[in-house]
Amino acid sequence: MFNWKAEIEGDRIRFLGEEYPLGHFCLELLQRARVHDAVARVSVLWDYLDQHLRELQNGLILQKQIKEIHDMIARVLPDLETLPPFHLTGVEELRQSVETLFTEAAAEQIADYAKQFHTRALDQAELWVQVHYDLSNNPIRHPGKQLLEQEKAFLSEFIQLCYDLGDVDSWLHRFVMRLKELESTKPEDLLWLASQIFRTPELSLQNHYLDEDSDTSVRHVEFTNLRAFLLTDFYEGLAHNHYPRRCPVCKRYFLMEHAYRQRYCKGYAPLELTGGKQILCADFALPADSGFEKEAAAASEVKRMYESSTGTLRSYASRKTITKQAMKAAIRLAQERRDEANRDPEYANGRYLEEIQFKRLLADVGVQL
C-alpha cells in the first residue's frame, strides 16, 4: 500500500523532486499534529480497526461492519492528508481502496463466499475434491475470497499506520520536552537522548548506493511504512545535528541546523506580545525586561557569515562560474567550519572570519576563480 522513495545526500533528503534538510518531515509532523487534533483522530482508530480485523480473520463478518470500517477510515482521510508525507503525496490511492473494498457489494460477495465455504466444509470429502481438482464450484475461486484477503491486507497496513503515527508523534514531543536535560546538543548527546525515548524495531526500508555526477555518495532509499520514513528522517538528521526545537517566544517548532547556541526561530513574535509590531523572536528576547534569554551573538554572526558565503557559492554555480561539484565541496567545508565555530568561541572570533569567506572556501577545495 505504501512505497515511498527518497534520496539522501549529505544532510539533505530529496523527496518527490524537492530537496529538504534532514529532519524536515519530523518537524512537519510536530507542527501539524495538533491542528484539529489530526494525529489523535487518525491514531485512535487502531483499536477499532484491529477488532474488525480479528473478526474478518475469524470469518465473523457482517455487512454493517464493512460499512463501519468504510465510514471510519473515510472520516479521517482528510486529517491524514494534512500530515507528512501525505501532505505531499495526497491520499487518493487510499481513498480509492476504501471505496473499492469496503462497499455493500463487496460485503455481499464476502458473505456469500463465507456461507458457501462453511457449508461445504461440513462435507470434508466434497470440499477436498473441489479444491484439489479446482472445480468450477471451488469456494477458493469465489471472488469474495480475494476481496476478503484484500480487505485484511489493507486493514493490517492501515492499523500499522495508526500505530506508527501515534508512536512517532509521542516520541518527538517527549524528545523536544527533554532537550533541556542535555548539557550540550552535539550529535552524540542528541542520539543518547533519542535512545532513552524512541523504540526502534527493525525498519522496513531498502538502501541503494548509486554513482551520480557527484563526489559524494547518494543513498536511494525505499520505504514501505510510515515509521521507517519518519525515523530515518529523524535519526539521519540527528547525525548531522539537525533536530526539532520549540521557540520559547512564539511556541512554534523549528528545525535546528548546526547552530548549537540558537534558541529562537526565524519567525515573528506573537502580535499580542509585541503590541502589534512585527518583531523577530530573537530580537524580541533581546531587552533585559523581555523575560527571555538573549540569543548568543556569536551564534548569530557565525550563521550569518555561513549563509552569506554559501549563498554566493550557489549563485556562482547557477551562473556556471564554478561547477556544481565544486559548489558542493565548498559548502561541505563551510558546514564543517561553521560547526567548529559554534563549538569553539575562540575559533569563531579568530580564523573563522577568514576561513568562511567564499573565495577561501573555493581555494581550500582546489578551485581558483
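This is a predicted model: local features need pLDDT of at least 70, side-chain atom pairs count only at pLDDT 80 or more; totals for chains, interfaces and linings use all residues.
The structure contains 20 aromatic pairs. A pair of aromatic rings is described by the distance of the centres and the angle of the planes. For Phe 175 and Phe 198, the ring centres are 6.4 Å apart and the planes stand at 75 degrees, so this pair is edge-to-face. Phe 175 belongs to helix α9 (residues 143–177), whereas Phe 198 is in the loop between α10 (187–197) and β4 (205–210); the pair therefore ties together parts that are 23 residues apart in sequence. Phe 175 counts as buried because its relative accessibility is 0%. Phe 198, with a relative accessibility of 6%, also counts as buried.

Phe 198 takes part in a further pair, with Tyr 235. Here the ring centres of Phe 198 and Tyr 235 lie 5.9 Å apart with planes at 70 degrees, so this pair is edge-to-face as well. Tyr 235 is located in helix α11 (residues 226–239) and Phe 198 in the loop between α10 and β4, so the pair ties together parts that are 37 residues apart in sequence. At 24% relative accessibility, Tyr 235 counts as partly exposed, because the buried class ends under 20% and the exposed class begins over 50%.

Two packed helices are described by the angle between their axes and the distance between the axes. For α10 and α11, the angle is about 145 degrees and the axes are 8 Å apart.

Other aromatic residues are joined in a cluster: ring pairs link Phe 2, Trp 4, Phe 15, Tyr 20, Phe 25, Phe 86, Phe 223 and Phe 229. An aromatic ring also meets a charged side chain at Tyr 306, where Arg 338 lies over the ring face at 4.0 Å from the ring centre.

Helix α6 (residues 92–101) has the buried residues Leu 94, Val 98 and Leu 101. These three residues cover an arc of only 85 degrees around the axis, which means that they are on the same side of α6. The exposed residues Glu 93 and Thr 100 are carried by the face of α6 that is turned away from its buried side.

How values were computed
Residues are numbered from 1 along each chain as its sequence is written. Side-chain values use heavy atoms; hydrogens and water are left out. Rings of Phe, Tyr and Trp (its six-membered ring) pair if their centres lie within 6.5 Å; planes under 30 degrees apart count as stacked, over 60 as edge-to-face and the rest as tilted. Helices (H or I, at least four residues) and strands (E, at least two) are DSSP runs, numbered from the N terminus. Buried means under 20% relative accessible area, exposed over 50%, partly exposed in between (1.4 Å probe, protein chains only). A charge sits over a ring if NZ of Lys or CZ of Arg is within 6 Å of the ring centre and within 35 degrees of the ring normal. The arc is that of the directions from the helix axis to the C-beta atoms. Axes are lines fitted to C-alpha atoms, for helices over the stretch in contact, and angles run from 0 to 180 degrees between N-to-C directions.
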